[in-house]
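Let's take a look at this structure together.

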2 protein chains.
Amino acid sequence: MDKFLIANQFEHLQDHICKKVQEIDGVAFFKEDKWQREEGGGGRTRIIEEGGVIEKGGVNFSAVHGPVSDLMKKQLGLDGKEFFASGVSIVLHPFNPNVPIIHMNVRYFEMDTGVFWFGGGIDLTPHYVIPENAALFHAGLKKVCDRFKADAYESYKNWADDYFFIPHRDETRGVGGIFFDHLDGQSGKSKDEILNFCIELGQLFPEVYQQQVELGKVKSYGEEELQWRNIRRGRYVEFNLVHDKGTKFGLLTGGRTESILMSLPKEANWFYNYEPKADTAEALTLSMLKKGVDWLGLNN
Amino acid sequence: MDKFLIANQFEHLQDHICKKVQEIDGVAFFKEDKWQREEGGGGRTRIIEEGGVIEKGGVNFSAVHGPVSDLMKKQLGLDGKEFFASGVSIVLHPFNPNVPIIHMNVRYFEMDTGVFWFGGGIDLTPHYVIPENAALFHAGLKKVCDRFKADAYESYKNWADDYFFIPHRDETRGVGGIFFDHLDGQSGKSKDEILNFCIELGQLFPEVYQQQVELGKVKSYGEEELQWRNIRRGRYVEFNLVHDKGTKFGLLTGGRTESILMSLPKEANWFYNYEPKADTAEALTLSMLKKGVDWLGLNN
């Protein structure tokens, strides 16, 4: 499978997801910014704002290539002169605090040495954690993982627990999901099979998000829930700016800042030393933001 | 000068600044959280919230010591087994968009090998840049710098331009100020002289901030100015979480998260690709967020 065909499939995936997300939102439409990268390649940033469900979100496609810089060598440990990278990245921030934030990314990397790999993940960040809803989300992911490889769900779920973690808060970002990186020929799967897994994940994305939106959007909320939403969004900002490798790498290597930082919410709050009162929905949520939660009860 | 006496002077400086900031604010009082560090030492975090001028701010003192971890060795290039560090850190976020955000830090570091150094800085981040007000601020800094050393202002002003810079935005954080680090015996000044410079800077802090508050707080504002304030605050968050060495080092080495992140504003906004209209106060502000602005007209 040629790299340009892979990028082309990612482009189609972006189209598909945007169409579905617009249907889920019901009000707003994506606006597109096409951009070019000086050293080679470019992308299509698509932003949705002030919708029926989504306050701010982006579904980005990019396919970039060019010489490997010293920083890339150092950060990625790359061996080679020219790289090619393509992917789809999504973050959606809903307005209703009862609807979770969601993130997805699938990406392909190739070097002129012939080395290639895929990476990606989907994770869910509910402002209010509801175990049944988290289980529904994980069940969707497991189904696609199981079709790919017997141990994929367990292994990628643990990887997500470790990756989407905020050490300085000792909290996971949300209820996790799956994360994988450096999937190559040594994974026991062919390039086509791995690409197919990425595309299936991308196609799953609007399905699992629609479920979460439908469960959450019927619930009412007040000022208190909006404030809690904004505090959780603050944590999302902290994760993305302090820990997320993709964000840091993008900003350091001169990626398009506005495309990368579309992941930040319209509005976030920080209160000094905020602690929810005992036995509230907020305290319950905090108690569940831990690694290793067995949402599907697989080990019971 | 013994390290405990230095910490003691910093503690007194915190007391002095808190007293003065309360007078400037006129409404709110600081609340104190004393904390202990497991490996040795601790601090006094003082937070002011919902005041007459300040929406959220902190004036922190800490004096910590203990074994040098591998991370400290790597990040600070430290040679030695035990360290001692003490300092005062301030960030104030005013409510009125016409009053600037301000930051100050003075710090002392000592190793069991006998090596020591001071570091510090003050910088101003107006939501709306007004050159005359920036000049007033810089004139205050220059006066204290001139008493310390002939070339101190110019050199530390340039250092601040480089340090308080957001590469991924190609913007300075604000109108700069001064920044210095690793000031030791080789600076041509004695330990007592450097400490005295740090204390004088600390005493200058409430004076220069009072000037800025008085110039700004009489100006009215509306929804548009509040939104712009929140966008500028978003940039402040980006600088602190992506670039600020002190914040990153603190979070990575297990510092007290709530004391470190008191620097984040109560409320911040991110809009995709926001650009102010031409010939507005907002556009004028952006045009002045550059390195190397000669606020005092010294080179004319």
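Helices here are DSSP runs of H or I with at least four residues, strands are E runs of at least two, and both are numbered from the N terminus. This is a predicted model, where local features need pLDDT of at least 70, side-chain atom pairs count only at pLDDT 80 or more, and totals for chains, interfaces and linings use all residues. Residues are numbered from 1 along each chain as its sequence is written, while chains are lettered from A in the order in which they are written.

Chain A has nine helices and ten strands.

| Chain A property | Value |
|---|---|
| C-alpha span along principal axes | about 55 × 45 × 35 Å |

Of its 300 residues, 48% are buried, meaning 20 or more other C-beta atoms lie within 10 Å of their own, with C-beta atoms placed from the backbone.

Now to chain B. The axes (lines fitted to C-alpha atoms over the stretch in contact, with angles from 0 to 180 degrees between N-to-C directions) of helix H3 (residues 131–148) and helix H5 (residues 191–217) of chain B come within 10 Å and cross at roughly 165°. H3(B) and H5(B) are therefore roughly antiparallel, the word for angles over 145 degrees.

Conventions. Angles under 35 degrees count as roughly parallel, over 145 as roughly antiparallel, 65 to 115 as roughly perpendicular and the rest as oblique. A residue is buried if 20 or more other C-beta atoms lie within 10 Å of its own, exposed if 12 or fewer, and partly exposed in between; C-beta atoms are placed from the backbone.
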